[in-house]
Amino acid sequence: MAVSGIVMLLYLIAHMIGNLKIFAGRESFNGYSEWIRTIGEPAVPAQTTLTIIRIVLLVAVVAHFWAAVSLWRQAKQARPQRYVTKKPVAQSYASRTMRWGGVIVGLFIVYHILDLTVGAVNPAGTDASPYDRAVAGFSNPFVTAVYVIALILLGMHLRHGIWSATQTLGQSNKRREKTVNLFALVFSVVLIGGFLIVPFSVLFGLVD
Ligand code: HEM
């Protein structure tokens with residue numbers, strides 16, 4: 001769970017930074033999209049690097065999902081009957097929404113690829129450039145609202161996930177817990193803030 005999560009997190013950091021190219025204009029943003037497809041050329045055929053990234057991400061998503069299901073099964077086996085009373089005092093909202101939050105983020109990724117990579121559900125359509133797709137999509141408040149909700153859920157998922165990963169990988173103890181929690185919060189807010197700035201800038205006309 002932790003290792004596949006870290007792989008996806010690294011992708012998210014790069015993706016968020018890459019998205020900020022939208023502020024450099026249409027050519028820069030579309031050029032970046034073209035560059036991802038041509039890395040390594042002519043030493044390797046077109047799209048080789050992108051295909052490798054896609055395979056690594058797909059393996060990470062499947063591993064993450066598989067690990068989540070195994071953990072859920074183990075937890076069920078460890079306690080087959082429900083608690084009579086359950087006081088969620090020691091749990092944060094994020095920790096209680098990991099499963100459904102994860103499923104919703106997974107569904108969002110499918111929608112997002114159909115929207116901005118394929119263009120099938122984007123108002124500008126399949127022939128438009130990535131820049132025009134992003135502007136056409138985020139100009140619609142409903143589309144932006146879907147992204148905002150998914151990104152906030154992703155942020156909560158990451159905050160708890162980063163904390164859990166440090167437990168799993170042995171990087172946390174009682175003394176360090178406070179620092180780890182603060183780091184997880186600041187990291188998630190900065191990452192999600194970096195993503196959110198793009199749809200909001202389009203919606204409010206700063207990017208058009
Ligand atoms: C507002 C936030 C986001 C914006 C503006 C954005 C923008 C884009 C754009 C423009 C593309 C198409 C790139 C191209 O075809 O060259 C893309 C692809 C993609 N995005 Fe995002 N993205 C955002 C958030 C996310 C999030 C939160 C995730 C994951 C949880 C994500 C995962 C992906 C994936 C997996 C692809 C497909 C990459 C590929 O295989 O070609 N994106 N994004």
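Is Trp 100 buried or exposed? I started my notebook with that. The model I looked at is a predicted one.

**Entry 1: Trp 100**

I found Trp 100 in helix H5. I looked up its neighbours next. Trp 100 has 11 other C-beta atoms within 10 Å, so I put it down as exposed. A residue counts as exposed at 12 or fewer. I also checked a distance along the way. Trp 100 and Thr 168 are 68 residues apart along the chain. Their C-alpha atoms are separated by 21 Å.

**Entry 2: H5 against H7**

I stayed with H5 and turned to its contact with H7. The axes of H5 and H7 come within 9 Å. They cross at roughly 135 degrees. I noted the crossing of H5 and H7 as left-handed.

Which residues of H5 meet H7? I listed Met 98, Gly 101, Gly 102, Ile 104, Val 105 and Phe 108 on the H5 side. On the H7 side I listed Ala 150, Leu 153, Leu 154, Met 156, His 157 and His 160. I sorted this contact by class: eight residues are nonpolar, four are polar and none is charged.

**Entry 3: H1 against H3**

I then looked at another helix pair. H1 and H3 pack at an angle of about 140 degrees. Their axes are 8 Å apart. H1 and H3 are therefore oblique to each other. Their crossing is left-handed.

I wrote down who meets whom. H1 brings Ser 4, Gly 5, Val 7, Met 8 and Tyr 11. H3 brings Val 56, Leu 57, Ala 60, Ala 63, His 64 and Ala 67. By class, I recorded eight nonpolar and three polar residues in the contact of H1 with H3, with no charged ones.

**Entry 4: the loop between H2 and H3**

I went to the loop between H2 and H3, where Pro 42 has its place. A cis peptide bond joins Glu 41 and Pro 42. I noted omega there as about 5 degrees. Most peptide bonds are trans, and most residues other than glycine have a negative phi.

Gln 47 is also in the loop between H2 and H3. What is the phi of Gln 47? I found a positive value of about 70 degrees, although Gln 47 is not a glycine. Gln 47 has 16 other C-beta atoms within 10 Å, so I marked it as partly exposed.

**Entry 5: around the ligand**

How many residues lie around the ligand? I noted 21. Ser 33, Leu 116, Pro 130, Phe 195 and Val 198 come nearest. H5 gives the most, with six residues. I sorted the shell by class too: 15 residues are nonpolar, five are polar and one is charged.

**Entry 6: Val 180**

My last stop was H8, which covers residues 174-203 and holds Val 180. I looked up its surroundings. Val 180 has 17 C-beta neighbours inside 10 Å, so it counts as partly exposed. A buried residue would need 20 or more. Val 180 and Gln 167 are 13 residues apart along the chain. I noted their C-alpha atoms as separated by 9.8 Å.

How values were computed. Residues numbered from 1 in each chain as written. Predicted model: local features only at pLDDT ≥ 70, side-chain atom pairs only at ≥ 80, totals over all residues. Helix = DSSP H or I, 4+ residues; strand = E, 2+ residues; numbered from the N terminus. Near = placed C-beta within 6 Å. Nonpolar A, V, L, I, M, F, W, Y, C, P; charged D, E, K, R; others polar. Axes fitted to C-alpha atoms, helices over the stretch in contact; angles between N-to-C directions. Parallel < 35°, antiparallel > 145°, perpendicular 65-115°, else oblique. Left-handed = near helix turned anticlockwise from the far one by under 90°. Contact = placed C-beta atoms within 7 Å.
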